[in-house]
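Please read each point with the coordinates displayed.

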Amino acid sequence: MTALLAGVAVVVPALGAPAGADVRTTTVNITLTPRTCAPKPAKVQAGQIQFNIKNKNAGAVSEAELRTSDLSHILGEQENLTPGLSGGFALVVQPGRYVINCPGAAQQHAAFTVTGKSKAAGWKTNSSLAGAVSGYATYVDQQVADLVASSQALCAAIDAGNQARAEALYPQTRVYYERIEPVAEVWGTLDTSIDGRIDNPVTNPADLEGFHKIEELLWADDTLDGASPYCGQLVQHERQLGQLVSTASYDPVTMASGATDLINEAATSKITGEEERYSNTDLIVFQANVDGATEVVDLLKPYLQRTSPSVVAQITQRDQAVEHALAQYRATPGYDDTGYVEYSQVLDRQRKALSAQVQAFAEALSKMSGRVA
Amino acid sequence: MGPMSRRQLLGGMGLAGAATALGGTVGGAGPFAAAVAAADSGTASGAGANRTYPFYGEHQAGIVTPAQDRLAFASMNVLDGASRGDLRDLLTDWTSAAERMTRGRLVGDDSDLDDPPLDTGEAIGSPAGGLTVTIGYGPSLFDGRFGLGSKKPALLADLPPLPNENLDPDYVGGDLCIQACSDDPLVAFHAVRNLARLGLGVVDYNWMELGFGKTSSTSSAQATPRNLLGFKDGTRNIKSQQTGLLDDYVWVGDETDQAWMRGGSYLIARRIQIFIENWDRDDLGDQQNVIGRVKVSGAPLTGGGEFTAPNFTKKNGLGQPVIPAGAHIRLASHEENGGTRILRRGYSFTDGIDPVRGTLLGGLFFIAFVKRPEQFVSLQQKLGTSDALNEYIQHIGSGIFAVPPGIRRGQHWGDALFA
């Protein structure tokens with residue numbers, strides 16, 4: 001995972017605001033032919049550029065990308081243009097030399113040059129991206145606040161001796177953590193205290209605490225005895241987390257890679273059932289991982305829709321496929337009021353089918369980070 | 001048909017160098033064309049596929065031997081009812097068979113048409129490819145079944161629970177291990193298969209792994225290979241030329257409580273699953289930060305070439321270390337581990353598909369040779385807790401084995417242990 005708070009974002013000088021009020025828009029037309037994808041004009045002034053792309057008759061060519069001259073970064077692209085279709089993307093491009101890349105054409109690379117003075121760049125001056133980042137900070141703060149409140153309700157049920165209520169509140173509380181897990185994981189020891197489980201990374205059973213200790217007591221040991229102090233410590237750790245995230249700063253790249261990490265997490269440890277091994281409430285936290293990723297997508301979408309519409313389209317399609325796959329296991333009120341069946345009821349071949357959809361979703365999400373850099 | 005007896009095996013042995021036929025029908029030089037046994041010098045004879053390494057020597061071959069391309073590794077358990085004598089005889093049979101195979105010969109050359117072939121035959125015509133066969137003894141071998149309790153080295157014990165492991169009980173431990181390495185996968189497999197065949201009635205398979213690509217170089221003459229992460233692995237491994245480091249970190253010396261272990265080592269095997277689909281969708285910049293190296297060149301993030309020493313104190317413009325705090329090469333470095341090093345001999349593996357995740361079940365079959373098991377344990381306690389790579393890997397199998405020293409011609413594996 002890209003460290004969320006480390007300020008090590010890769011700076012790509014070319015990419016800036018898709019739509020600034022002070023920026024003049026230039027139109028560049030690209031026609032895909034079997035031979036080439038030469039832009040017209042091939043040299044423009046720095047600023048907002050609208051790339052209009054049309055596939056005239058190129059059966060073997062279906063996309064065009066704007067890349068840095070060393071081909072290492074894709075700055076904008078339009079995919080899936082079969083002959084007769086048109087599309088495009090828009091972004092602010094800084095002065096420099098670039099390449100229009102159209103895989104499959106006889107001459108795949110066409111030079112593109114931007115002249116003039118550099119325009120304000122970077123996500124902080126881009127209203128779409130800046131809005132996404134502040135929106136994400138608000139989201140994380142809210143999730144942690146809800147996490148604390150829900151955990152306090154869980155502790156109250158434990159202290160009242162109401163095991164059924166505690167078992168219903170445990171998975172509901174987990175949801176708030178699982179939506180923002182890549183953020184919380186930045187503070188490793190705090191993450192272990194809150195969400196550590198046996199083997200990962202806790203090796204000594206006596207050291208287990210937090211959610212999964214409570215889970216073990218409620219389900220494996222079938223008791224509330226001893227749970228109260230663990231719950232109190234859990235709330236304390238969550239409050240520490242709340243203080244840390246309230247001063248944290250984010251950027252678009254780490255938001256995007258965090259979304260991928262959430263779905264990686266679902267694909268790796270939720271699918272096997274190892275995360276909620278005592279309670280079998282994996283499906284609701286699985287949904288929480290998906291929700292946390294979808295939140296990031298929704299926040300970045302206004303920007304990505306302009307620069308990389310085909311990336312957004314693929315993410316949307318695969319997100320729907322995951323939701324569809326999960327919907328098969330919804331139930332009312334469901335196992336322990338989770339809204340889902342007990343995960344132990346989901347057979348290995350069904351888990352494998354779910355995994356395939358989740359893997360595809362994660363793969364689509366991973367294309368965001370390089371496009372919001 | 002019973003298992004081949006020791007007498008049959010030894011009776012079938014010929015002298016080195018003679019190309020002989022199986023069943024009297026196969027002619028030609030076959031695997032033996034260049035199989036002139038080298039003196040006990042530790043250096044290779046022959047070149048390319050015909051390369052052979054001496055079986056006899058101060059240390060067993062297959063430890064500092066330049067890492068061959070392929071691996072076959074078996075963990076075996078002694079069967080209930082097998083006796084001390086059975087075990088000793090088996091080790092003697094294994095010695096003879098392994099010595100022949102490492103010369104590029106078959107286990108036995110002559111077969112009667114009325115008998116099952118002495119050798120299983122799949123490697124007929126295949127040069128040795130630098131085959132080495134290395135054996136080790138697991139802690140459980142010393143549990144009293146064979147009167148070996150007093151021979152157990154004090155340092156040989158099952159590994160403690162380690163962070164970020166989720167061990168499959170089907171891939172843990174073992175009374176004995178066989179490590180066969182060759183540039184030819186068939187030759188490596190053939191060695192394990194034939195030793196297992198000789199062991200029928202005495203031992204059976206506990207678990208087995210095939211490694212399809214080496215991930216560590218053990219000689220400065222070798223280029224550094226890549227693991228399934230796509231990164232060069234083992235750039236800073238101990239090399240066979242570094243004899244002082246080998247004495248300090250690999251070879252058991254006079255400090256051992258068991259004379260039979262002097263010149264030996266401890267082999268630690270870890271079957272490490274890599275969640276390669278997750279890794280493949282991590283951005284390149286982060287992949288490089290996780291490892292601490294540039295992916296293509298292998299150079300440390302602090303600059304230079306592959307073999308330039310990493311600068312762990314160098315900071316970037318934001319005041320953060322250029323090689324991040326959780327980078328794999330930082331946490332694994334001898335600089336950050338009180339000077340401790342280990343000799344690695346890893347191989348990429350795949351066992352098909354993870355049955356639940358549906359993703360590739362593969363990764364790194366990690367082998368380390370150490371003078372003291374604690375070298376590995378302390379390193380892994382650190383890595384398992386803090387390594388940025390943990391997000392993409394999980395240890396799913398484990399074994400530790402005491403690797404006895406090498407033997408001279410005329411001696412057999414087990415002679416010193418059972419003395």
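This is a predicted model: local features need pLDDT of at least 70, side-chain atom pairs count only at pLDDT 80 or more; totals for chains, interfaces and linings use all residues.

1. The buried residues of α2(B) include B:Leu87, B:Leu90, B:Leu91 and B:Trp94. Charged side chains are also represented in the buried set, among them B:Asp93, B:Glu99 and B:Arg100.

2. B:Thr235 belongs to the loop of chain B that runs between β5 (213-214) and α4 (243-249). It counts as partly exposed because 18 C-beta neighbours lie inside 10 Å. Leaving aside residues up to four places away in sequence, B:Thr235 touches B:Thr224, B:Gly298, B:Glu306 and B:Phe307. B:Pro324 is 89 residues from B:Thr235 along the chain, and the C-alpha atoms of the two are separated by 18 Å.

3. The contact between the chains draws 27 residues from chain A and 23 residues from chain B. On the chain B side, the elements giving two or more residues are α5 (276-280), α6 (284-291) and α8 (373-386). By class, that side has nine polar, seven nonpolar and seven charged residues.

4. Chain A contains ten helices and eleven strands. Its C-alpha atoms fill a box of roughly 75 × 45 × 35 Å along the principal axes. Of its 373 residues, 49% count as buried. Among contacts in chain A between residues at least 6 apart in sequence, 72% join residues at least 24 apart.

5. How do helices α1 and α8 of chain A cross? The axes of α1 (residues 127-159) and α8 (residues 282-307) come within 8 Å and cross at roughly 165°. The two helices are therefore roughly antiparallel to each other, and their crossing is right-handed. From α1(A), the residues that meet α8(A) include A:Ala132, A:Tyr136 and A:Tyr139, while those on the α8(A) side include A:Val296, A:Leu299 and A:Tyr303. Sorted by class, this contact has nine nonpolar, two polar and one charged residues.

6. Helix α10 of chain A covers residues 348-365. Its 18 residues should span 26 Å at 1.5 Å a residue, and the end C-alpha atoms are 25 Å apart, which agrees. Buried residues of α10(A) include A:Leu354, A:Val358, A:Phe361 and A:Leu365. The cover over the buried residues of α10(A) includes α7 (252-270), α8 and α9 (309-327) of chain A, together with α5 of chain B.

7. One runs from A:Asn200 to A:Pro201, with omega near -5°, and A:Pro201 is placed in strand β11 (residues 201-202). Another joins A:Thr332 and A:Pro333, where omega is about -5°; A:Pro333 is found in the loop between α9 and α10.

8. The loop between α9 and α10 of chain A also holds A:Asp336 and A:Asp337. Each is a residue other than glycine with a positive phi, near 50° for A:Asp336 and near 60° for A:Asp337. Is each of these residues buried or partly exposed? A:Asp336 is buried, with 21 other C-beta atoms within 10 Å, whereas A:Asp337 is partly exposed, with 17.

Terms used. Residues are numbered from 1 along each chain as its sequence is written. Chains are lettered from A and ligands numbered from 1 in the order in which they are written. Axes are lines fitted to C-alpha atoms, for helices over the stretch in contact, and angles run from 0 to 180 degrees between N-to-C directions. Helices (H or I, at least four residues) and strands (E, at least two) are DSSP runs, numbered from the N terminus. Angles under 35 degrees count as roughly parallel, over 145 as roughly antiparallel, 65 to 115 as roughly perpendicular and the rest as oblique. A crossing is left-handed if the near helix is turned anticlockwise from the far one by less than a right angle, and right-handed if clockwise. Two residues are in contact if their C-beta atoms, placed from the backbone, lie within 7 Å. A residue is buried if 20 or more other C-beta atoms lie within 10 Å of its own, exposed if 12 or fewer, and partly exposed in between; C-beta atoms are placed from the backbone. The expected span of a helix is 1.5 Å times one less than its number of residues.
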